[in-house]
Amino acid sequence: MIRQAVLEYDHAADALDRLDELIGARSVHVLRGQNGYPTVERLLPSIQTYPATTFRGECTDREADRVDLDGADVLIAVGGGKLVDTAKLVAVRNGVPLIVIPTLASNCAAFTPLSVVYRDDGSYDRYDVFRVVIERVIVDARVIASSPYDYYRAGVIDTVAKFYEARYLSGDASTDAGVDAGLALSKQCHRLLELELTETAFRSYGEGTRYAVDHVLAIGGAVGGFGDAGTRVAVAHAVHNALSQFETTHLFLHGDKVGFGLLVQESLRGSEDVARLRAWLETVEAPTTLEALGLSTDEIPFLVAAVMRETTLQQLPEPIDYDYLKIIIENLQKSIYK
Ligand SMILES: [Zn+2]
């Protein structure tokens, strides 16, 4: 099935200035985060006049239930990926449309009809796919350009992964129109490898950065929206999920762990791209060894078993060979190139 959630996507240097007009006479409730919100408030003081709930940081059922819309006609989400995921749950449960103002360029949550839901203890629970109406995603360049660079950098890695994971699942082309559209969009995501990924380039917000931000926030989300199971996550995200079970990796951002997962995935495929990917990840200062991620040799069997569990859940086109996976991961313990 082809699924998209967003009616309008407005990325401009003055995108916030059109919010009042979009709201019109409707009553509003705001779900706001703590980090990016002050920038939005400074640019658009009128947002303070709406009833609001401050997000507590995790997308859980309890958190979604806590947001009381009190009859509001529309919900506005101002924040990062977990906040946006929570807002989608709230909007669906209350039958209201959603307007999203991302404060980070790190994920495609604003563009996907699904939420990743955690349990109260912080462990992963499930992801829900649903029909949510996102009226507009408001990407104000003034907000994004002043957001933390590291999140953007990790978001770019996660978006480049769309290409490799879609190719892992569906190859280079498909006779299914949705999957083929997803593959075409994923090839655009791959081009982010060629852009200058530095904090200076990010802050100056030139053409290349705009192109990358659009892919992180929107096009990357549309890849899975078009291709469904044919272009969603594969081994790289399974490795991410497995790594996340180790305490030392909690210091690393999502995209950093996915980047390491890409090295595992492409090595499994015997892909020619491994060396290029590794060089790129090193250039952008992402971890490329288990040592850098804080894992010791002793922990390798646990990691391999966790990756096997995760990939079994994913129902990949072909099951992964345990011994081969173990050799690949052992080879990624320390870089032989340093
Ligand atoms: Zn991801």
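Is E58 buried, partly exposed or exposed, and at what relative accessibility? E58 counts as partly exposed at 31% relative accessibility, where partly exposed lies between buried (under 20% relative accessible area) and exposed (over 50%), with a 1.4 Å probe and protein chains only. The model is predicted, with local features needing pLDDT of at least 70 and side-chain atom pairs counting only at pLDDT 80 or more, while totals for chains, interfaces and linings use all residues. Residues are numbered from 1 along each chain as its sequence is written, and side-chain values use heavy atoms, leaving out hydrogens and water.

**Salt bridges**

- The count comes to 25 salt bridges, each defined as a side-chain nitrogen of Lys or Arg within 4 Å of a carboxyl oxygen of Asp or Glu.
- E58 pairs with K82 in a salt bridge whose closest N and O atoms are 3.2 Å apart; because E58 lies in the loop between β3 (52-54) and α3 (61-66) and K82 in helix α4 (residues 81-94), the pair ties together parts 24 residues apart in sequence.
- D65 and R93 meet in a salt bridge (2.9 Å, N to O), and since D65 lies in helix α3 and R93 in helix α4, this pair ties together parts 28 residues apart in sequence.
- E266 and R269 also form a salt bridge (3.2 Å, N to O), and they are 3 residues apart in helix α11 (residues 254-269), about one helical turn.

**Accessibility of the partners**

- D65 is exposed at 56%, whereas R93 is partly exposed at 41%.
- E266 is buried at 0%, whereas R269 is partly exposed at 37%.

Conventions: Helix = DSSP H or I, 4+ residues; strand = E, 2+ residues; numbered from the N terminus.
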